[in-house]
Amino acid sequence: MVDERRPRKELEKDLGKEPEKYLEVRGLHVHYGNIHALHGVDLVVGKGEIVCVVGVNGAGKSTLMWAIAGVLPITEGAVLLNGAPFVRGAASARPHEIVNLGISLVPERRRLFSALTVRENLIMGSIRRTDREGIAADLERCFSLYPVLRERIAQRAGTLSGGEQQMLAISRALMSRPSILLLDEPSLGLAPLVTDALFDTILKIREEGVTVLLVEQNALQALDIGDRGYVLRTGRIVESASSGELIENPMIREAYLGGS
Amino acid sequence: MFLQTLVTGLSIGGIYSLMAVGYSLIFSILSFSNFAHGAVIMLGAYMGLALATQLHWGLGLVVSGSVVGAGLLSVFNERVAYSVLRRRRAPSLFLMISAMGCSVFLENMVYATIGSRFYAFPEFFKRKVVDVWGSSLSLLDLFAFTVSIGAIFALHLFITRTKTGIAIRAGVNDMTMCSLMGVNTDRLISIVFFLAGAFAGVAGVFLGIKYFVYPTMGWVTNKAYIAAVIGGLGSLPGALVGGLILGVLETLVSTYLSSVLRDVFSFTMLIALLIWLPNGLMGRDTEEKV
């Protein structure tokens, strides 16, 4: 499972060093009514890293993503970008303002504008931008990443296959030219081959300078492309280490990686 | 005679369509029936009337003034009565009740300030008629029909060709994701309310010219609601087709059968449609509403 393109080996040499804080989640609590979904989650994403959050269904992974994106109100804690808080209680930025900070979410189950065409979905991704040439260049970037989208450009998003929909969802997020991409369960419902190809493109996206926070149930594959990982269990971070360490940790393997 | 009836029906149908478009736009983006729409139409008519009688403006300026005035009123209505409920994620029933309250408030405000008198617009067309194949067609009817169709076609172009229009359709599809694209959804909803109000302004002026201006004239939106349901609530082409069908059939019934039966016919048609075609003629695809 070792992928030679990963800079993880180098990162592992720096084990124990605190990563440069780019995106930081500090003591985050989220409630759904009486249900306490996140219990003081702390995590750090360094610039240019791929950081994975793994955990079983219902651990609070998606809640974490929606809270960072500003959609879910938080009860306590903060989310900071470059040391400046943008999600902090009642003073939180609104979702569209968070996109303007360069943070873009690809949610679980894609949530495409299914009645709109592929082209219109991509236009929506770049809707707040005015640099025509930059938009055209980014469109080409998406097509070179996912050539099938060019063929499907006039098709309604709802008619695409699951894999194509995920490609479009990631491209739509990239069209806003984010510095941080939040990916929530990108492999959900996809065939293994499609998932492999998708994870390869996530590495390419990082090579282009985009920082990635990846939430996955498919823990082994996520950690395989990730630099570091956190394990979330019933709303609490129970383990954090380099991806290599997490993959090797027998307890983690048993609980989250299928045991073998 | 038939051609004359048809053109009259199409002109009434065009006005129904303008009103139905407003209903449909708001229903598609916020999933509630804005029962204050009739009051906005009524106030649009009063604004037009004031511009025509007090400032002696021509028809073009009267319609433009009414479009802007009713559009802004509609935005104000949303900001005051609905946005607070929206932010608290209130069920759409609450929004509907709030809309009914606004309607009662605005009508009674007009009763209290302007009074219950019926006002007539100055005669812009001086009962002019055009002869086509032996039938005398009213210039007002032809004008109302043409402007209605033109306005709805312009809205169609706006919704499909501009970035704001695409954002509106995206918002109809998934408002949360629309905000995650960087769209300020409060502003987007204001734009939708402005558009609905602008169409209400045109409809109000035409209704006022064709009939009279009075505090309860907005009740005619019952018909626009039927038109929107016939076409498929939330569908823009549906609102147009529903309005025209209702206008023409109603006029045919009142001309060839009895004018007393007109409303009986309209509501019977609504009930029949809700039983056999609950999604309306063009509302089958629930994903694409605008």
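**Briefing: a predicted two-chain complex**

In chain A, 4 strands make up an open sheet with the order β2-β1-β4-β5, and their pairing is antiparallel. The edge positions belong to β2 (35–45) and β5 (84–87) of chain A, each of which pairs on one side only. From one strand to the next, the twist averages 35°. Please keep in mind as you look around that this is a predicted model. For the complex, the predictor gives an ipTM of 0.89 and a pTM of 0.89.

**The sheet of chain A and the helix across it**

- Strand β1 (residues 23–32) of chain A is joined to β2(A) by 8 bridges, and these two strands run antiparallel.
- A handy landmark for this pairing is A:His29, which stands opposite A:His39 in β2(A).
- Helix α2 (residues 61–68) of chain A lies across β1, β2, β4 (76–81) and β5 of chain A.
- Relative to β2(A), helix α2 of chain A runs at about 70°.

**A closer look at A:Val30**

- A:Val30 sits in strand β1 of chain A.
- Is A:Val30 buried or exposed? A:Val30 counts as buried, because 22 C-beta neighbours lie inside 10 Å, and the cut-off for a buried residue is 20 or more.
- Leaving aside residues up to four places away in sequence, A:Val30 touches A:Ala37, A:Leu38, A:Thr63, A:Ala67, A:Leu72, A:Ile74 and A:Thr75.

**Chain A as a whole**

- Chain A has 11 helices and 10 strands.
- A compact globule of 260 residues would have a radius of gyration near 18 Å, and chain A agrees with this because its own value is 18 Å.
- Taken along the principal axes, the C-alpha atoms of chain A fill a box of roughly 50 × 45 × 30 Å.
- Of the 260 residues of chain A, 45% count as buried.
- Among the contacts in chain A with a separation of 6 or more, 69% are between residues 24 or more positions apart.

**Chain B as a whole**

- Chain B contains 11 helices and 2 strands, and along the sequence they follow the pattern α-α-α-α-β-β-α-α-α-α-α-α-α.
- For 290 residues, a compact globule would have a radius of gyration near 19 Å; chain B has 19 Å, so the two agree.
- The C-alpha trace of chain B spans about 60 × 45 × 35 Å along its principal axes.
- Of the 290 residues of chain B, 51% count as buried.
- Residues 24 or more positions apart make up 78% of the contacts in chain B that have a separation of 6 or more.

**Helix α9 of chain B**

- Why can helix α9 (residues 221–231) of chain B be called largely enclosed by the rest of the structure? The reason is that 10 of its 11 residues are buried.
- The buried residues of α9(B) are B:Thr221, B:Lys223, B:Ala224, B:Tyr225, B:Ile226, B:Ala227, B:Ala228, B:Val229, B:Ile230 and B:Gly231.
- The cover over these buried residues of α9(B) includes α1 (2–30), α2 (37–53), α10 (236–256) and α11 (261–276) of chain B.
- Just after α9(B) comes B:Gly232, which takes a positive phi of about 115°.

**Where the two chains meet**

- Chain A brings 20 residues to the contact and chain B brings 17 residues.
- On the side of chain B that touches chain A, α6 (163–173) and α7 (175–179) of chain B each supply at least two residues.
- Which element gives the largest share of that side of chain B? The largest share comes from α6(B), with 6 residues.
- Sorted by class, the side of chain B that touches chain A has 7 nonpolar, 5 polar and 5 charged residues.

**Confidence in chain B**

- The pLDDT of chain B averages 90, and 97% of the residues score at least 70.
- Residues 286–290 of chain B have a pLDDT below 50, and in the model this stretch has 16 contacts beyond near neighbours in sequence.
- Where pLDDT is low, the predicted coordinates should not be read in detail.

Conventions:
Residues are numbered from 1 along each chain as its sequence is written. Chains are lettered from A and ligands numbered from 1 in the order in which they are written. This is a predicted model: local features need pLDDT of at least 70, side-chain atom pairs count only at pLDDT 80 or more; totals for chains, interfaces and linings use all residues. Two strands pair if DSSP finds at least two bridges between them. Axes are lines fitted to C-alpha atoms, for helices over the stretch in contact, and angles run from 0 to 180 degrees between N-to-C directions. Two residues are in contact if their C-beta atoms, placed from the backbone, lie within 7 Å. Ala, Val, Leu, Ile, Met, Phe, Trp, Tyr, Cys and Pro count as nonpolar, Asp, Glu, Lys and Arg as charged, and the others, Gly among them, as polar. The radius of gyration is taken over C-alpha atoms; the globule rule is 2.2 Å times the number of residues to the power 0.38. A residue is buried if 20 or more other C-beta atoms lie within 10 Å of its own, exposed if 12 or fewer, and partly exposed in between; C-beta atoms are placed from the backbone. pLDDT is the predictor's confidence in each residue, from 0 to 100.
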